[in-house]
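Take a look at the chain below. Follow the text with the structure open, and find each residue as it comes up.

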Amino acid sequence: FQLDFYNKRENMVNNIKVLLIDDDDSLRRVIEHNLSQEGFDIISRSDGLSGVSIFRSDKIDLVITDLRLPDIEGMEVLKRIKKIDQYTPVVMITAFGTIEQAVDALKKGAFDYITKPFNRDELSIVVKKALEFKNLKGENIRLKKELYSKFSFDSIICKSPLMKNVLHLLGRVAQSDSSVLLLGESGTGKEILARAIHYNSARKTAPFVIVNCAAIPD
């Protein structure tokens, strides 16, 4: 398992596009060289507006931006990128970092905040952690979509007009805050209907908890 995990981690960099925004030409070239050697596809820009423009037109997996730029501030870059795609991780770098700035950046959606000077390994670790986080987030969203699709009312197949009316009623109930009691013999699908109500309600992002009362001793 560990070997498979680290193999996946090493192969994760393939076809990964990193947008680097920094007006320090020498530092930008160093970062670009270091990350390119690790297999990342680097797109670099020296100002925030052109960086945001690239992000809007291209498929970018990760953004690294300086806090101080010649046109717009790095915080504004962060804000605009998150407005375009809230799931793309953004790493902030600066030579004038303070705790207040770091906290503010994280509150506004930055994945991490690195203060210059930093070494190659430090940046590499943050970049890979950010990409791992994005992959986990994407997998979580995909699994939730599959779950919602599995327990949608449309996925429940029935021919009986009576049962179709029941599904229509439950679809309306799911949008309310009403408590629901489902009665029926064992094997008639009460749990399936209960899950359908839950995953089509406003509470669908919360846990669906099953308690088997019959299994609880007196």
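Start at Met 92. Leaving aside neighbours within four places in sequence, Met 92 is in contact with Thr 65, Leu 67, Gly 74, Met 75, Leu 78, Ala 105, Ala 110, Asp 112, Tyr 113 and Ile 114. Contact here means heavy atoms within 4.5 Å. This is a predicted model: local features need pLDDT of at least 70, side-chain atom pairs count only at pLDDT 80 or more, and totals for chains, interfaces and linings use all residues. Residues are numbered from 1 along each chain as its sequence is written, and side-chain values use heavy atoms, with hydrogens and water left out.

Met 92 also belongs to the largest nonpolar core, which has 21 residues. A nonpolar core is a set of buried Ala, Val, Leu, Ile, Met, Phe, Trp, Tyr and Cys residues joined through side-chain atoms within 4.5 Å. Buried means under 20% relative accessible area, exposed means over 50%, and partly exposed lies in between (1.4 Å probe, protein chains only). Leu 19, Ile 60, Val 63, Val 77 and Met 92 touch the most other members of this core. The elements that give it two or more residues are β1 (17-21), α3 (48-57), α4 (74-84), β4 (90-94) and α5 (99-107). Of these, α4 gives the most, with four residues. Helices (H or I, at least four residues) and strands (E, at least two) are DSSP runs, numbered from the N terminus. Apart from this core lies another, of 19 residues, among them Val 18, Phe 40, Ile 42 and Leu 131. In soluble globular proteins, nonpolar side chains tend to be buried together.

Now pick out Thr 65, one of the contacts of Met 92. Thr 65 lies in strand β3 (residues 62-66). Is Thr 65 buried or exposed? It is buried, because its relative accessible area is 0%. Not counting residues up to four places away in sequence, Thr 65 touches Ile 21, Gly 74, Val 77, Val 90, Val 91, Met 92 and Ile 93.

Move on to the loop between β5 (112-115) and α6, where Pro 117 lies. Lys 116 is found in that loop too. The peptide bond from Lys 116 to Pro 117 is cis, with omega near -5°. Most peptide bonds are trans. Lys 116 counts as buried, because its relative accessibility is 18%. Beyond its neighbours within four places in sequence, Lys 116 is in contact with Asp 22, Leu 27, Asp 66, Ile 93, Thr 94 and Ala 95. Lys 116 and Thr 188 are 72 residues apart in sequence and 64 Å apart in space, C-alpha to C-alpha.

Next comes helix α6, the place of Ser 124. Ser 124 is buried, with a relative accessible area of 9%. The C-alpha atoms of Ser 124 and Ser 179 are separated by 51 Å, and the two are 55 residues apart along the chain.

Cys 158 is found in the loop between α6 and α7. It counts as partly exposed because its relative accessible area is 21%. Cys 158 touches Met 163, Lys 164 and Leu 167, not counting residues up to four places away in sequence. Cys 213 counts as exposed, at 58% relative accessibility. How many disulfides does the structure hold? It holds zero, where a disulfide is a pair of cysteine sulfur atoms within 2.5 Å.

Finish at helix α8 (residues 190-199). Its buried residues are Leu 193, Arg 195, Ala 196, Ile 197, His 198 and Tyr 199. What covers them includes α6 (120-150) and α7 (161-173). Helix α8 also gives the most to the lining of the largest pocket, with five residues. About 600 Å³ of space lies in this pocket. Of the 25 residues that line it, the closest to its centre are Val 180, Leu 182, Lys 190, Ala 194 and Phe 208. On a 1 Å grid over the protein atoms alone, a pocket is an open set of points where a 1.4 Å probe fits, with protein on both sides within 12 Å along at least five of seven lines; lining residues have an atom within 4 Å of a point.

Key:
Grid points are joined across faces, edges and corners, and a volume is the space filled by probe spheres set on the points.
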